[in-house]
Amino acid sequence: GMYRPGTVPDDPMFALQDDLRRMLVARALYEAQTPAFVSEAEGDVQVANPLTTTEPYVRRAILPTLLRRVEHNFAHGNRDVRLFEIGTSFRKAASGEPPDEAIHLAGVLAGRRQQAHWTEKAQAFDIWDLKGLLEAVGARAHGQAARVLVADEAPAPYAAGSTFELLDGAGHACGGGGLIAAEAIDAPVWAGDVWGFEITLPAEPTPPPVPVHAPLPGYPAVERDLALVVGAGTLAEQVDAIIRDRAGELLESVELFDVYRGDELEVDARSLAFRLRFRAGHRTLKDKEGDKGVT
């Protein structure tokens, strides 16, 4: 018989999960499904009829069970592991209340970015791969205003000094990621760094922004490079925001293209180099207009 396409739109949470799955699979991560039952150390909510006496709780976080799968891969000699999971987190609520449930997304990266090939040296995943991944899933889950910042402290299972925090558009913490601490994973000596993240998905997700078509520009742009020396406490993100705020309406794009630390600078200072592009939609800009935007 004939089937008519449905007219009821997908639930926003299902749409969000599908988008996140597509994003992560496109980055060569495999989806895992791990057991939700854990020991008392990893759960707050006890099950009335547990399958085993050693795991009578349901988990409050997904990342620890994904790390067990990484260990399983290491035990079988596989050093390149990329996994993610979408699952439910259970936390104890007030007495007599049902447990608080939230949908979490977690992921792990270990080993090489891509398979070894004679044309180039194989490179391992690093902190920038993790931060980029956290920014991508954070923006889709919590909107373009979500931000990834260096965390002040490293909660388990992350290592101090290599941990990020994800903030939603309102500035509330909704997850994080970073280097997995050595004591949090049983890894052989040949295994490199293991990176992980876990975020809470919003209870009422917003749809992604609709792509907008724009024709190729008809007039040339003016580019100016701007190098600024900043202190240790100043984030590149803050400098970027000031540039966008002050550069005027002709500014088309800002790109951080170089970071320099060296002998000529103070110990904690660094030089950030930004490329600013100015363009007018209906005429060719004069050089001095680009100069004015930079000054």
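Tutor: Two strands pair if DSSP finds at least two bridges between them. This is a predicted model, in which local features need pLDDT of at least 70 and side-chain atom pairs 80 or more, while totals for chains, interfaces and linings use all residues. Residues are numbered from 1 along each chain as its sequence is written, and side-chain values use heavy atoms, without hydrogens or water.

Student: What makes S2 and S3 edge strands?

Tutor: Strand S2 (37-38) and strand S3 (43-46) each pair on one side only. The open sheet has the order S2-S4-S3, with antiparallel pairing.

Student: Why is the pair of Phe-74 and Trp-190 called edge-to-face?

Tutor: Ring centres must lie within 6.5 Å (for Trp, the six-membered ring counts), and planes under 30 degrees apart are stacked, over 60 edge-to-face, the rest tilted. Phe-74 and Trp-190 are 5.8 Å apart centre to centre, with 75° between the planes, so they are an edge-to-face pair. The structure holds one aromatic pair. Phe-74 lies in helix H2 (residues 63-75) and Trp-190 in the loop between S9 and S10, so the pair ties together parts 116 residues apart in sequence.

Student: Are Phe-74 and Trp-190 buried, partly exposed or exposed?

Tutor: Buried means under 20% relative accessible area, exposed over 50%, and partly exposed in between (1.4 Å probe, protein chains only). Phe-74, at 4%, is buried; Trp-190, at 34%, is partly exposed.

Student: How do you know that Arg-275 lies over the face of Phe-257?

Tutor: NZ of Lys or CZ of Arg must be within 6 Å of the ring centre and within 35 degrees of the ring normal. Arg-275 is at 4.1 Å from the ring centre of Phe-257 and lies over its face.

Student: Which residues does Leu-201 contact, beyond its neighbours within four places in sequence?

Tutor: Contact means heavy atoms within 4.5 Å. The partners of Leu-201 include Met-13, Leu-20, Leu-105 and His-142.

Student: Where is confidence lowest?

Tutor: In helix H5 (residues 287-294), where pLDDT (the predictor's confidence in each residue, from 0 to 100) has a mean of 74. The mean for the protein chain is 91.

Terms used
Helix = DSSP H or I, 4+ residues; strand = E, 2+ residues; numbered from the N terminus.
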